Amino acid sequence: MLLDSGANEQNSTFPLERAIGNIKDADPDHDGYYHSAEQLLELGWTLSARDIGTCRSKTLRSLLVKELAARRKRLWELARSYLPPDKLPSLRQGELLDIDAGYVYTVLVETGRKLDSSLRPMDPGVTLYHYRNLLSAETMEELYQAGFYGVDLPGIPGVAPLGSAGMTPIIVMNSRNSKCFVKALKWFISKGADASRKLPGTNARVAHLLTERITMNILSNQHEDNWDYWLQTFLLNKNKDSLVPFVRDACACACSPGGCTTLSVALRLVFSILPSLYSAPYPAERLRRLLKILIEWHRNYPKADQVLIRCFTFDALSLTHTCCTGISPNFPHRSKSKDKSEIDDILEEEKERLKDLERLVSELEAKFEGFGLPVLEFLEGYWHSCMIQFLSKLDPYDEEHHKEVRKLGVVLEVDERPVPYRISLVIGTRIKEIINEELDEFESWWPGISYPYQGMVAG
Ligand SMILES: [Zn+2]
Ligand SMILES: [Zn+2]
């Protein structure tokens with residue numbers, strides 16, 4: 001039957017996936033295909049992770065997994081018989097060759113031995129799990145139970161399966177493969193895959209890459225009604241904790257002193273990508289819903305509210321990140337950090353605004369503590385008013401000059417300048433009314449700035 005699909009006995013590399021990929025368990029001719037597949041495998045048909053991942057029939061898939069396990073067992077027996085112990089990779093009890101299978105095959109061939117070509121691994125240098133976008137969590141569990149334990153081994157570009165992109169660019173993921181992606185993520189974490197592993201080429205960790213992928217997925221999902229379902233079903237575990245563990249990376253950036261956290265990375269992505277995904281203005285209500293999801297997702301993280309206040313202020317001041325903005329969610333092995341001279345230039349150029357950031361953040365955090373409001377309400381009310389006040393008077397070209405003059409006790413009349421469009425500032429446009437007396441106190445922090453708005457907030 002499979003011979004009709006293009007497979008023939010001289011062509012043992014004809015991909016099985018093309019012949020059996022579409023066969024389902026319930027198909028009337030399923031059994032026929034099953035027996036043909038058995039025969040072809042016996043004849044030495046090549047078999048890869050792709051064949052297993054794309055197989056839609058459970059019983060056929062189990063046949064492929066069993067056959068792959070048997071072939072790897074044979075390869076290991078040959079290796080133990082003919083190779084010196086120092087050439088053998090170390091395997092755990094019951095473990096099958098996976099990432100080292102290509103190496104073992106090559107070394108055995110170099111000894112001059114003629115090997116059955118069906119033993120030649122199709123995917124040298126990576127584990128089966130690097131094909132995770134083709135493999136459902138269920139299939140991966142089947143492979144694991146068969147003895148493929150290398151769930152967390154870095155493959156050739158140095159990326160372990162959890163941090164690898166797989167085959168589907170995140171931006172074109174549909175809801176079905178989004179769900180598969182998160183189920184697979186849960187599976188990897190349950191098997192002990194390490195989300196704090198460093199992402200090659202950057203200071204970031206795998207957890208930050210995952211956060212970017214998940215956040216991108218949420219942002220590109222047009223149906224915001226799905227967001228909450230997503231959160232409850234996929235992003236939180238039984239205890240309602242985030243699936244992505246709290247991990248700090250080694251970045252130095254004022255958006256998150258001490259290293260990026262997954263929440264700071266999610267916010268960074270929201271602020272940077274929304275203006276390119278949607279033409280301004282972004283609806284405030286939608287932003288609020290999105291933030292509620294991010295907050296709920298990270299609600300057990302230490303100091304999540306303070307992270308929000310800092311990241312919002314950082315964005316409103318149009319500061320430039322010196323952290324891991326070079327994470328490439330679709331091509332993790334191409335992720336790249338900014339180099340030192342680029343970072344030094346940014347820090348020098350934005351020196352004064354960075355001082356403003358620290359001052360604003362410490363004042364705003366103190367206010368936030370005092371108010372005892374939920375952080376979103378604080379951001380859309382008080383925080384927004386303060387930022388608008390500040391930005392409408394900030395003149396970046398003459399900042400130094402104004403500071404010098406202020407030291408002399410002279411207050412210059414500064415022209416109001418238009419406040420730039422920043423996603424962070426969208427948050428306040430939902431609430432126009434604010435309390436006057438709260439603003440009065442603002443005056444004491446910024447004596448050199450007068451207040452264009454009392455009672456009404458621009459936006
Ligand atoms: Zn940053
Ligand atoms: Zn970072």
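1. (A salt bridge here is a side-chain nitrogen of Lys or Arg within 4 Å of a carboxyl oxygen of Asp or Glu.) Arg268 sits in helix H10 (residues 262–277) and Glu212 in helix H8 (residues 206–219), so the pair ties together parts that are 56 residues apart in sequence. Helices (H or I, at least four residues) and strands (E, at least two) are DSSP runs, numbered from the N terminus. Both Arg268 and Glu212 are buried. For that word, buried means under 20% relative accessible area, exposed over 50%, and partly exposed in between (1.4 Å probe, protein chains only).

2. A word on the source: this is a predicted model, in which local features need pLDDT of at least 70 and side-chain atom pairs count only at pLDDT 80 or more, while totals for chains, interfaces and linings use all residues. Residues are numbered from 1 along each chain as its sequence is written, chains are lettered from A and ligands numbered from 1 in the order in which they are written, and side-chain values use heavy atoms, with hydrogens and water left out.

3. A second pair to look at is Arg422 with Asp315, whose side chains meet in a salt bridge at 2.7 Å, N to O. Arg422 lies in the loop between helix H16 (399–407) and helix H17 (423–426), and Asp315 in helix H12 (residues 304–316), so this pair ties together parts that are 107 residues apart in sequence.

4. Arg61 counts as buried because its relative accessibility is 8%, while Glu138 is partly exposed, with a relative accessible area of 45%. In general, side chains of opposite charge can pair when their charged atoms come close. The count of salt bridges comes to 16.

5. Now to the metals. The zinc ion (ligand 2) is coordinated by Asp249 (OD), Cys251 (SG), Cys260 (SG) and Cys324 (SG), at 2.0 to 2.3 Å. Donors are N, O and S atoms within 2.8 Å of the metal (3.2 Å for Na, K and Ca); water is not among the atoms, so sites may look incomplete. The angles among the four donor atoms run from 98 to 116°, and the site is tetrahedral; four donors count as tetrahedral if all angles lie between 85 and 135 degrees. Along the chain, the donors of this zinc ion (ligand 2) follow the spacing D-x1-C-x8-C-x63-C. Asp249 counts as buried at 5% relative accessibility, and Cys251 counts as buried at 6%.

6. The zinc ion (ligand 1) is coordinated by Cys253 (SG), Cys255 (SG), His321 (ND1) and Cys323 (SG), at 2.1 to 2.3 Å. The site of this zinc ion (ligand 1) is tetrahedral too, with angles of 104 to 115° among its four donor atoms. The spacing of its donors along the chain is C-x1-C-x65-H-x1-C. Cys253 is buried at 9% relative accessibility, and Cys255 is buried at 3%.

7. Ser264 is found in helix H10 and counts as buried at 2% relative accessibility. Leaving aside neighbours within four places in sequence, Ser264 is in contact with Ser256, Val307 and Cys311, where contact means heavy atoms within 4.5 Å.

8. Two backbone spots deserve a glance. Lys303 has phi near 55°, a positive value in a residue other than glycine; Lys303 is placed in the loop between helix H11 (284–297) and H12 and counts as exposed at 61% relative accessibility. Ser318 has a positive phi of about 55° although it is not a glycine; Ser318 lies in the loop between H12 and helix H13 (340–349) and is partly exposed at 26%.

9. Finally, the chain as a whole. There are 18 helices and zero strands, and buried residues make up 51% of the 459 residues. Among contacts between residues at least 6 apart in sequence, 74% join residues at least 24 apart.

Methods: Four donors count as tetrahedral if all angles lie between 85 and 135 degrees; four count as square planar and six as octahedral if opposite donors are over 155 degrees apart and all others between 65 and 115; anything else is irregular.
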